[in-house]
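This report looks at backbone geometry and at one helix pair. Please keep the sequence and the model at hand while reading.

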Amino acid sequence: MAIGYDFIIIGGGSAGSVLAGRLSEDPAAQVLLLEAGGSDRHPFYHLPAGFAKMTKGIGSWGWDTVPQKHMQNKVFRYTQAKVIGGGSAINAQIYTRGNAQDYDGWRQAGCAGWGYDDVLPYFRKSEDNETYDNHYHGKGGPLGVSEPRAPLPICEAYFEAAAALGIPRNFDVNGEKQDGVCYYQLNQRNVRRSSAAMAFVKPNRHRKNLTVRLCAQVRRLIVEAGRATGVELTDGTRLTANIEVILAAGAIGSPRLLQLSGIGPADHLSGLGIKVVHDQPQIGENLQDHLDLYCIAELSGPYSYDRYAKPHWAAIAGLQYIFGRKGPVASSLFETGGFWYADPDARSPDIQFHLGLGTGIEHGVAAMSQGGITLNSCHLRPRSRGSVRLQSADPAKAPLIDPNYLQDPLDREMTIRGLKLTQQILAQSPLKKYILAQRLPGPDVRTDEDYFNFICQHSKTSHHCAGTCRMGADAAAVVDIRLRFNGIAGLRIVDNSVMPSVISSNTNAAAIMIGEKASDMIKADHGMARA
């Protein structure tokens, strides 16, 4: 027998957690949140520095990309969260929203109601910002937003080094202007991670109309007579949705589940023996991601957090955190960075930096035995487009993830420019007393071809995938501007897969905003009570 709810939300990540918290504000609405992953009880999910464990497998599906044909067939580890809270439970907690022109570009492309002035109130609605309460920021929301508690002196030297190249300091890159280097604000409260699950789900678990099921993987959506009526789990359980099925499984998970349900490109599905329920060629197309490069410098002394990898120093770090909420455990390890230009004529910053207060922090990144720092850069508006496809009708099989990095020659050029800019910053005099030598790229990397070869060996995803269930006003769009699926009633998609183009920054804050805005749309569409 099928069990019934009003709303079934698939995916307890950043947007799904928001939906669960907001829709269950109406006590008349029976809301079910399904998360394929488990709980976030492990301390690594809550300690800021726990991020260092995340890209190495904790709370992840364990997927890789297909070989990247424009990068010498390099295969990337592609961390996708499998835990309540989703990406917000395993990321570096960096709170950036993108550039105002990103959202105005969505509106100009036909997505009315998604311009910067339209989405800003939803960013503010979520925030409990410890520093700002103004036109750009809010207080009293569910989501903790705070300043870093554990920067090191080398961070200030980084700001001075950037200034020597004409890059200014910016105290609020989510405010009036994005340009400049900064301490990022973080999704933390009381020096603990403030994930979407901790902010929007945990405080509301007592509600009788909110049901949360963990380790509940959806096998397929059930579509009857052109309407989504429920879901089937991998254990065979069927659950019905009286009002809507809301897919919030992310830019990889959402197109994957749609295709497993027979919703997607008909030729691809038929070739795998999947019965076609609805032919939609754009599902899984338009994948965009930021390719992340890194410059690693060896330090002349214990100026980063690398020494705390040793057991006795790790014990000291634990005591520093327990008794003072400071030290490396209190650091997200990438809380310093900023935005600048690879192309001086770009309409807004097109390069983002993340300064890592150590080396070997993320999967596959080299570590310096004597200690070092890592300065990452990524080109923010790639032209290359990839895809998400199935390799099998078996839901246990990983999808075929193809970001198609550097397919467009301009992406390659701007990516190399960004890497050269990180080298220039690290070479400036304010950092000379800290840095023994730049190790990666080494002195043998001189020509653009050398840089390209280096990138093919030393790069990773920024974990900013988007666009695979594109929103739009055109007939080819997967969802309309209210995020309703085009062609199947009772189905909505609410996550970063709906972005027409990836925003110019980390993407978690935008996923939360999309969840907030969609919650109000759903309430309005169905005459629900609004808090």
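Which residues in helix 4 meet which residues in helix 5?

## Basis of the report

This is a predicted model, in which local features need pLDDT of at least 70 and side-chain atom pairs count only at pLDDT 80 or more, while totals for chains, interfaces and linings use all residues. Residues are numbered from 1 along each chain as its sequence is written, and side-chain values use heavy atoms, with hydrogens and water left out.

## The helix pair

On the helix 4 side, Ala-100, Tyr-103, Asp-104 and Arg-107 meet Tyr-116, Asp-118, Val-119 and Phe-123 of helix 5, where contact means heavy atoms within 4.5 Å. Helices are DSSP runs of H or I with at least four residues, and strands are runs of E with at least two, numbered from the N terminus.

Helix 4 (residues 100–108) packs against helix 5 (residues 116–126) at an angle of about 125°, and their axes are 8 Å apart; axes are lines fitted to C-alpha atoms over the stretch in contact, with angles from 0 to 180 degrees between N-to-C directions. That angle makes helix 4 oblique to helix 5, since angles under 35 degrees count as roughly parallel, over 145 as roughly antiparallel, 65 to 115 as roughly perpendicular and the rest as oblique.

## Backbone features

Most residues other than glycine have a negative phi, and most peptide bonds are trans. Asn-73, in the loop between helix 2 (51–54) and helix 3 (87–90), has a positive phi of about 65°. Asn-286, in strand 14 (residues 285–287), has a positive phi of about 70°.

A cis peptide bond, with omega about -10°, joins Leu-440 and Pro-441, and Pro-441 lies in the loop between strand 21 (435–440) and helix 12 (448–457).
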